Structures are given as C-alpha cells and as structure tokens.
Amino acid sequence: MESLPITYTWQVPTLAAWDEVAAQALAKFGNTPIWIFEGNLGAGKTTFIKALARKMGISDLVSSPTFALVQSYLLPNKRELYHFDLYRLESLEQALDIGIEEYFDSGAICWIEWAQIVVSLLPKPYIVVSILPSPDSPLRTVTLTRHE
C-alpha cells in the first residue's frame, strides 16, 4: 500500500524570508537527497536553491547551471550536492547521455530544476518543491511534498 505524501506549505512575503523558509524546509526534509523544483520562469526556483545552499553551509556562488546542465558543490561535511537545470533537454535520452542515473544513484544530494523529463527515473523518496508567485505582489507560496 502506497503511503500518502507529506506536504508542508509556506508563504514567502519578501526576499529576506527565503532563508527562514529554507531552514524550516531542511529541518523537515533535509534527509531526503533528491528534490525537484517546479515553477514558471522567474518563480523563484534558483532563489530558493541559493537560500537552501546557504543554510547547508555552501559558501560558493550558486547559480542556475542552464548551459552546463549540472553544477557540483561540496558541503562542509564533504558530501556532494549536484544542482541540475534540465530546461534545455529535449528528451529522456539526452538526460541518460549525461549520466543522470549515476548522479541519482550516487548517494549525493540532487536538486533539479525543470525535472519533468526525468521524473520516471527518480528513486523514491524525493521532494517536489512547487513555487507559485502571487500575480500582484512579491509573495510566493512554496509547497514541499515528499513522495514515497
């Protein structure tokens, strides 16, 4: 029997509030290595990833790896974190060609923007981060759901 997903939602009213939401999200789901980030262009996916990285102790400049597809970071505990931006991929075969399954199976933390093309490959559990901007304010609604 499949268990129901665990979901938490936060309101992010300002840019400064991202760090607190990141701390709370990591407290709830930090032990889950694979997170996928959903939201339209400009929704705040990379902004949230930067806040999460700061809270995890990454001092490197974090940016979306749009053209490189993947950027790696070393956490203070020497664990690796891979940040993917799969926006430019056109097929599952392209994801397989870059060795995406090896990243997922490595035990490293994997944060993936534009993950729709690889969802069928994701090992469970994984977290879906959905970011929804308010149409008339800087407010963002961030929902994290753990899929078992």
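# Reading the terms in a predicted model

Q: Why does Arg 146 count as buried?
A: In this predicted model, Arg 146 has a relative accessibility of 15%. Buried means under 20%, so Arg 146, at 15%, counts as buried.

Q: Where is Arg 146, and which residues does Arg 146 touch?
A: Arg 146 is found in strand 7. Leaving out residues up to four places away in sequence, Arg 146 touches Pro 5, Ile 6, Phe 29, Asn 31, Thr 32, Pro 125, Tyr 126 and Ile 127.

Q: What makes the pairing of the Arg 146 and Thr 32 side chains a polar contact?
A: The value for this pair of side chains is 2.3 Å. A polar contact needs a pair of N or O atoms within 3.5 Å, one able to donate a hydrogen and the other to accept it. The pair therefore falls within the cut-off and is called a polar contact. The side chain of Arg 146 also makes a polar contact with the side chain of Glu 148, at 2.4 Å.

Q: Why is Gln 24 called partly exposed?
A: Gln 24 has a relative accessible area of 31%. Buried means under 20% and exposed means over 50%, with partly exposed in between. The value of 31% lies in between, so Gln 24 is partly exposed. Gln 24 lies in helix 1, and its side chain makes a polar contact of 2.9 Å with the side chain of Glu 20.

Q: How far apart are Gln 24 and Leu 52 in sequence and in space?
A: Gln 24 and Leu 52 are 28 residues apart in sequence, and their C-alpha atoms are 9.8 Å apart in space.

Q: Why is helix 1 called roughly perpendicular to helix 2?
A: The axes of helix 1 (residues 18-29) and helix 2 (residues 45-55) come within 8 Å and cross at roughly 65 degrees. Angles of 65 to 115 degrees count as roughly perpendicular, which makes helix 1 roughly perpendicular to helix 2. The crossing is right-handed.

Q: Which residues make the contact of helix 1 with helix 2?
A: From helix 1 come Trp 18, Asp 19, Val 21, Ala 22, Ala 23, Ala 25 and Leu 26, and from helix 2 come Thr 47, Phe 48, Ala 51, Leu 52, Arg 54 and Lys 55. By class, nine are nonpolar, one is polar and three are charged.

Q: Which residues of helix 2 are buried, and what covers them?
A: The buried residues of helix 2 are Lys 45, Thr 46, Phe 48, Ile 49, Ala 51, Leu 52 and Ala 53. Their cover includes helix 1, strand 2, strand 4, strand 5, strand 6 and strand 7. Just after helix 2, Gly 57 takes a positive phi of about 95 degrees.

Q: How do you know whether Ala 108 is buried or exposed?
A: Ala 108 has a relative accessible area of 7%. Under 20% means buried, so Ala 108 is buried. Ala 108 is found in the loop between helix 4 and strand 5. Apart from neighbours within four places in sequence, Ala 108 is in contact with Pro 33, Arg 79, Glu 80 and Tyr 82. Ala 108 and Glu 80 are 28 residues apart along the chain, and their C-alpha atoms are separated by 5.2 Å.

Q: What makes the link between the side chains of Ser 134 and Ser 137 a polar contact?
A: These side chains are joined at 3.4 Å. The cut-off is within 3.5 Å, so 3.4 Å falls within the limit for a polar contact. The side chain of Ser 134 makes a polar contact with the side chain of Asp 136 too, at 3.1 Å. Ser 134 is found in the loop between strand 6 and strand 7.

Terms used: Residues numbered from 1 in each chain as written. Predicted model: local features only at pLDDT ≥ 70, side-chain atom pairs only at ≥ 80, totals over all residues. Heavy atoms only, no water. Axes fitted to C-alpha atoms, helices over the stretch in contact; angles between N-to-C directions. Helix = DSSP H or I, 4+ residues; strand = E, 2+ residues; numbered from the N terminus. Parallel < 35°, antiparallel > 145°, perpendicular 65-115°, else oblique. Left-handed = near helix turned anticlockwise from the far one by under 90°. Contact = heavy atoms within 4.5 Å. Nonpolar A, V, L, I, M, F, W, Y, C, P; charged D, E, K, R; others polar. Buried < 20%, exposed > 50% of the residue type's maximum accessible area, 1.4 Å probe, protein only.
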